[in-house]
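Here's a quick briefing to read alongside the model.

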Amino acid sequence: MTVTITASAVLAGGLFTGQAYAAPPTPSITAAGGFVMNNGTGTTLFGKAADTRRSTGSTTKIMTAKVVLAQRGLNLDAKVTVQKAYSDYIVSKNASSARLIVGDKVTVRQLLYGLMLPSGCDAAYALADKFGTGTTRAARIKSFIGKMNTEARNLGMRNTHFDSFDGISNGSNYSTPRDLTKLASSAMKNSTFRTVVKTKSTKQKVTTKTGGYRYMAWTNTNKLLSTYSGAIGLKTGSGPQAKYCLVFAATRGSKTVIGTVLASSNETNRAADVKKLLDYGFAR
């Protein structure tokens, strides 16, 4: 017996349009806020309280890096002397540290690794002091934070404000999942930024105060790089107000999915949320 299948029968009966082509179910995440988009097209793939302002923790450092990398005539190999003020700051704030040693001379490039991998607030301070303008350190820090807010406005981050260079808020440091994803997408256009944020660990040779050298070893706090196939970044964040945050990106084939989760209750839930969102993003 011969069976003839017409195109209209296929369309009507859905012979080849079953589960393989069904849209994946929208994931449920425990994080208070989340946003995911196709980085190539800018198409929104998922949103949960995407425009609700929240504390961002160290995901703020994405903007710190972006402002540095946007400087005209930037010399990534220029050396910065580590000041006691940077060390005193992390002690007073009980902040995450790149363990910079007072008197050492580190390059701007090395400070970017120290900023983004171990989430060094001392590295953030050093960069803000270096690239802010003014005759006093306080003036330079204020200037640098001003540059962060100017860049946020230029990117159309309407629900974002920075009052610190590292995410340790002075009362008004906030953003949203959508805004942070927009920031991350822009930052990833810079090749140096992409190289830094996808690095799992690094050992950097720095010059000591006496002219010798030492090696600084830094490991990325973003475990996604080792646990999710195709992960290429980006930045963790945490804190009493921020809880657990992650700005993330992964590439499979020609598709890059990028997004943010804010205010997860713990690291385990954060990781589970991000995996769900990436899987969903690639299935769309």
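How many residues lie between β7 and β8 in the hairpin they form? Three residues sit between them. This is a predicted model, so to speak: local features need pLDDT of at least 70, side-chain atom pairs count only at pLDDT 80 or more, and totals for chains, interfaces and linings use all residues. Numbering starts from 1 along each chain as its sequence is written, and side-chain values use heavy atoms, with hydrogens and water left out.

**Strands and hairpins**

- A word on terms: helices (H or I, at least four residues) and strands (E, at least two) are DSSP runs, numbered from the N terminus, and two strands pair if DSSP finds at least two bridges between them.
- Strand β7 covers residues 231–239 and strand β8 covers residues 243–252, and the two pair in the antiparallel sense over eight bridges.
- To find your way along that pairing, look at Ala231, whose bridge partner in β8 is Ala250.
- β8 also runs antiparallel to strand β9 (residues 255–264), and eight bridges join them.
- Here Ala249 has Ile258 in β9 as its bridge partner.
- The hairpin of β8 and β9 has two residues between the strands, and Gly253 takes a positive phi near 65° there.

**Pockets**

- A pocket here is an open set of points on a 1 Å grid over the protein atoms alone, where a 1.4 Å probe fits, with protein on both sides within 12 Å along at least five of seven lines; lining residues have an atom within 4 Å of a point.
- Volume is the space filled by probe spheres set on the points, with grid points joined across faces, edges and corners.
- The largest pocket comes out at about 510 Å³.
- It has 23 lining residues, and the closest to its centre are Gly57, Ser58, Gly237, Ser238 and Gly239.
- By class, the lining of the largest pocket has seven nonpolar, 13 polar and three charged residues; Ala, Val, Leu, Ile, Met, Phe, Trp, Tyr, Cys and Pro count as nonpolar, Asp, Glu, Lys and Arg as charged, and the others, Gly among them, as polar.
- The second largest pocket holds about 190 Å³ of space.
- Lys223, Leu224, Thr227, Glu267 and Ala271 are the closest to its centre, out of 13 lining residues.
- α9 (224–227) and α10 each supply at least two residues of this second lining, and α10 gives the most, with five.
- The lining of the second largest pocket divides into four nonpolar, five polar and four charged residues.

**Salt bridges**

- The structure holds 10 salt bridges, each being a side-chain nitrogen of Lys or Arg within 4 Å of a carboxyl oxygen of Asp or Glu.
- Exposure terms matter below: buried means under 20% relative accessible area, exposed over 50%, and partly exposed in between (1.4 Å probe, protein chains only).
- Arg214 and Asp104 meet through their side chains at 2.7 Å, N to O.
- That pair links distant parts of the chain, 110 residues apart: Arg214 is in strand β6 (residues 213–219), and Asp104 is in the loop between α3 (84–93) and β4 (105–107).
- Asp104 counts as buried at 1% relative accessibility, while Arg214 is partly exposed at 28%.
- Within helix α10, Asp279 and Lys275 lie four residues apart, about one turn of the helix, and their side chains meet in a salt bridge (2.9 Å, N to O).
- Both ends of this one are partly exposed, Asp279 with a relative accessible area of 31% and Lys275 with 45%.

**Helix α7**

- Helix α7 (residues 177–187) is mostly covered, with nine of its 11 residues buried.
- Among the buried ones are Pro177, Asp179, Leu180 and Leu183.
- What covers them includes β1 (33–38), α2 (61–69), α8 (191–197), β7, β8 and β9.

Notes. Contact = heavy atoms within 4.5 Å.
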